[in-house]
Amino acid sequence: WRGGCIIRSTFLGKIKEAFDNQPLLESLLVDDWFKNKISECEAAWRDVVAEAATCGIPTPTLSTSLAFWDGYRTARLPANLLQAQRDYFGAHTYELLDSPGKFVHTNWTGKGGNIASTQYNK
């Protein structure tokens, strides 16, 4: 199965090895070998994406994968504000970070009452 030029890649062997060692591995990003490689290259990865952006050169794969990496390894990000935005525009409720499992609606404007979108389904 390793006869083709791309399939001969050492990298693919590392992928197989990671799953052989941990068959229930949720992501290669938590495998020690891959974590170490990302750690070794992260600063240069950021430099390349930043320089490309400064020069107006699109790097959709590099920049998107870097954004994914930042989101994957961070517990709380500004993206958590999306729940608040959804609640503001559509009364969808949001989960309180200090009370996991507790969803609330805020009357952000003082108009329109305290109805939440979940009440429409009752």
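**Core.** I looked up the largest nonpolar core first: Leu29, Ile38, Trp45, Val49, Leu66 and Trp69, six residues in all. A nonpolar core here is a set of buried Ala, Val, Leu, Ile, Met, Phe, Trp, Tyr and Cys residues joined through side-chain atoms within 4.5 Å. Buried means under 20% relative accessible area, exposed over 50%, and partly exposed in between (1.4 Å probe, protein chains only). Helices α2 (32–54) and α3 each give two or more residues to this core, and the largest share, three residues, comes from α2. Helices are DSSP runs (H or I, at least four residues), numbered from the N terminus.

**About the model.** This is a predicted model, where local features need pLDDT of at least 70 and side-chain atom pairs count only at pLDDT 80 or more, while totals for chains, interfaces and linings use all residues. Residues are numbered from 1 along each chain as its sequence is written, and side-chain values use heavy atoms, with hydrogens and water left out.

**Leu66.** I checked what Leu66 touches: Trp45, Arg46 and Val49, leaving out residues up to four places away in sequence. Contact means heavy atoms within 4.5 Å.

**Aromatics.** I found five aromatic pairs in the structure. The ring centres of Tyr88 and Phe89 are 4.7 Å apart and their planes sit at 85°, so this pair is edge-to-face. The rule: rings of Phe, Tyr and Trp (its six-membered ring) pair if their centres lie within 6.5 Å; planes under 30 degrees apart are stacked, over 60 edge-to-face, the rest tilted. Tyr88 is partly exposed because its relative accessibility is 43%, and Phe89, at 71%, counts as exposed. I also noted one aromatic cluster, formed by Phe11, Trp33 and Phe34.
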